[in-house]
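Let's take a friendly walk through this protein model, one feature at a time. Have the sequence and the 3D view ready.

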Amino acid sequence: MLPKKAQKLLNKVVKIRSDFDFILNEAFESSRKKIVQLNTVNQLFKSGVDNENKAIEPAYTPLTVSIKKRKGQPTNRVTLKDTGDFYRDTDVDFTTKDFTIINFNEKYQKLTEKYGDEILGLTIESQAILKNIVKDKVGKKLKNKLNYGL
């Protein structure tokens with residue numbers, strides 16, 4: 001028979017183990033905005049790359065470059081940002097073991113035909129950033145459960 005404190009800790013660990021998938025999913029779902037930001041802002045807007053970290057091609061036409069210059073938008077890379085609607089219509093679909101970045105914008109089909117399905121999704125670098133965010137959230141939740149009960 002275990003001492004009372006040890007038994008209490010063991011019970012907490014057993015409960016945490018049974019709740020771990022829920023805790024992990026909760027950490028990912030609470031990172032929804034960050035996942036979208038990593039894809040749209042960090043990859044598309046700031047870097048002009050797809051989820052394979054390749055430059056988005058083909059480059060903008062001279063007409064598009066001229067329009068983007070008037071708007072004060074970058075022209076040295078494809079950002080897929082004009083009005084911001086495409087970025088705003090980007091979201092995350094979660095399953096029990098995975099997630100997919102999705103888009104509901106009317107331009108999505110046309111953009112993927114031109115630039116490829118890889119415009120949505122995270123690069124290895126973005127995945128590493130997300131992993132650290134989720135790891136911190138899970139760690140805090142586990143520590144809280146161990147220290148303060150279930």
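Helices here are DSSP runs of H or I with at least four residues, strands are runs of E with at least two, and both are numbered from the N terminus. Keep in mind that this is a predicted model, where local features need pLDDT of at least 70, side-chain atom pairs count only at pLDDT 80 or more, and totals for chains, interfaces and linings use all residues. Residues are numbered from 1 along each chain as its sequence is written, and side-chain values use heavy atoms, with hydrogens and water left out.

Start with the loop between α2 (32–47) and α3, where you'll find Pro58. A cis peptide bond ties Pro58 to Glu57, with omega at about 10°. Asn53 sits in the loop between α2 and α3 too, and its phi is positive, about 65°, although Asn53 is not a glycine.

Now hop to the loop between α3 and α4, which holds Leu80. Leu80 isn't a glycine either, yet its phi is positive at about 60°. Leu80 has 8% relative accessibility, so it counts as buried. Asn53 has 41%, so it counts as partly exposed.

**Charged partners**

Side chains of opposite charge can pair when their charged atoms come close. A salt bridge is counted when a side-chain nitrogen of Lys or Arg is within 4 Å of a carboxyl oxygen of Asp or Glu. How many salt bridges does the structure hold? There are six, including the ones in this table:

| Pair | N to O distance |
|---|---|
| Glu26 and Lys141 | 3.5 Å |
| Glu52 and Lys54 | 3.3 Å |
| Arg88 and Asp85 | 2.7 Å |

Glu26 and Lys141 form a salt bridge. That pair links distant parts of the chain: Glu26 belongs to helix α1 and Lys141 to helix α6 (residues 124–148), 115 residues apart. Glu26 is partly exposed at 33% relative accessible area, and Lys141 is partly exposed at 31%.

Arg88 and Asp85 are three residues apart in helix α4, so about one helical turn separates them. Arg88 counts as exposed at 58% relative accessibility, while Asp85 counts as partly exposed at 34%. As for Glu52, it is partly exposed, with 44% relative accessible area.

**The largest pocket**

On a 1 Å grid over the protein atoms alone, a pocket is an open set of points where a 1.4 Å probe fits, with protein on both sides within 12 Å along at least five of seven lines; lining residues have an atom within 4 Å of a point. Grid points are joined across faces, edges and corners, and the volume is the space filled by probe spheres set on the points.

The largest pocket has a volume of about 470 Å³. It is lined by 17 residues, and the closest to its centre are Tyr60, Thr64, Asp82, Lys107 and Leu111. Which helix gives the largest share of the lining? That's α5, with four residues. Helices α3 (62–71), α4 (85–88) and α5 (108–115) each supply at least two lining residues.

Conventions: Buried < 20%, exposed > 50% of the residue type's maximum accessible area, 1.4 Å probe, protein only.
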